[in-house]
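User: I'd like to learn how to read side-chain contacts in a structure. Could you walk me through one?

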Amino acid sequence: NSFCTLLAMRTTTGGGKWQRCLALAAVVFATGCVVSGAIAWLQGPPRATIRMPMGESEAFNGDETTDECDGRIVFPRDRIPKFACEGYWRDSESVADTDPDAPAPLPFPAARPLPFCGQHLWAKRLAYLEARAREALSDGHSTNVGIAIARTRGLSPSRLTGELLGNLEFTDTTTAGARSGEPVCWTGDFREHYVGRFNVAPSREFYHYVLAAYDRLAPTD
């Protein structure tokens with residue numbers, strides 16, 4: 001502000017014309033800043049880069065059965081990141097790893113234009129697990145389900161839109177959810193935001209975990 005004020009000053013002594021030129025330049029510069037800021041505001045937060053994953057040539061509507069999708073899903077990675085949960089992401093697509101102390105790089109969500117094979121049925125099964133965990137927590141019987149719910153500090157920004165999401169985490173504390181001594185966990189925004197809005201596919205490990213946990217908890221005929 002002081003710099004712009006200095007440029008805008010006019011004197012009645014020598015150099016007045018030069019001062020007026022600088023003042024005009026300051027006005028043009030300030031106008032450009034306002035216009036560029038307005039354009040950025042209208043454009044909103046950064047948008048997701050949506051593309052089909054490499055190696056996937058089939059188009060799916062997401063309503064396929066699990067059997068129909070056997071061997072037809074191109075998973076973005078094989079395992080849930082070590083010492084992390086499904087739905088933990090690095091801050092930027094162009095940054096390999098924002099945490100220098102992390103044992104392995106965190107992934108970045110890959111938005112897709114179309115659902116992955118069987119996405120809707122798989123997401124419904126994950127929603128069932130989350131609903132059972134919430135019901136058990138409200139009844140005080142969360143140990144019967146084996147899926148704990150916790151809230152982390154602060155809100156997590158979406159890596160695809162920039163909007164603030166929630167801070168819920170689910171953790172399977174049973175042996176069925178164990179992975180090399182670590183319990184399987186995932187964020188509360190993974191299904192609704194990343195899978196539901198952007199067709200983000202899970203890791204192979206988490207995909208099969210959901211199927212197995214659903215079979216364990218869902219009522220049988």
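User: How many disulfides does a search of the whole structure find?

Analyst: Quick ground rules: this is a predicted model, where local features need pLDDT of at least 70, side-chain atom pairs count only at pLDDT 80 or more, and totals for chains, interfaces and linings use all residues. Residues are numbered from 1 along each chain as its sequence is written, and side-chain values use heavy atoms, leaving out hydrogens and water. Now, a disulfide is a covalent bond between the sulfur atoms of two cysteines. Here the cut-off is a pair of cysteine sulfur atoms within 2.5 Å. The search of the whole structure turns up two.

User: Which cysteine pairs with C69, and what is the torsion about the S-S bond?

Analyst: C69 bonds to C117, with the sulfur atoms 2.0 Å apart. The torsion about that S-S bond is about -85 degrees, so this disulfide is left-handed. Both cysteines sit in the loop between α2 (16-43) and α3, 48 residues apart. Helices here are DSSP runs of H or I with at least four residues, strands are runs of E with at least two, and numbering goes from the N terminus.

User: And where does C85 lie, and where does C185?

Analyst: Those two form a disulfide as well, their sulfur atoms 2.0 Å apart. It's left-handed, with -100 degrees about the S-S bond. C85 lies in the loop between α2 and α3 while C185 is in strand β5 (residues 185-187), so the bond ties together parts 100 residues apart in sequence. Counting bonded cysteines along the chain, the pattern is 1-3, 2-4.

User: Is C85 buried or exposed?

Analyst: Buried means under 20% relative accessible area, exposed is over 50%, and partly exposed is in between (1.4 Å probe, protein chains only). C85 is buried at 3%, and C185 is buried at 8%. C69 and C117 are buried too.

User: How many aromatic pairs are there?

Analyst: A pair of aromatic rings is described by the distance of the centres and the angle of the planes. Rings of Phe, Tyr and Trp (its six-membered ring) pair if their centres lie within 6.5 Å; planes under 30 degrees apart are stacked, over 60 edge-to-face, the rest tilted. The search finds 12 pairs. Take Y128 and Y214: centres 5.3 Å apart and planes at 75 degrees, so they're edge-to-face. Y128 belongs to helix α3 (residues 119-139) and Y214 to helix α6 (residues 204-217), so this pair ties together parts 86 residues apart in sequence.

User: Which residues form the aromatic cluster?

Analyst: Its members include F75, W89, W122 and Y209.
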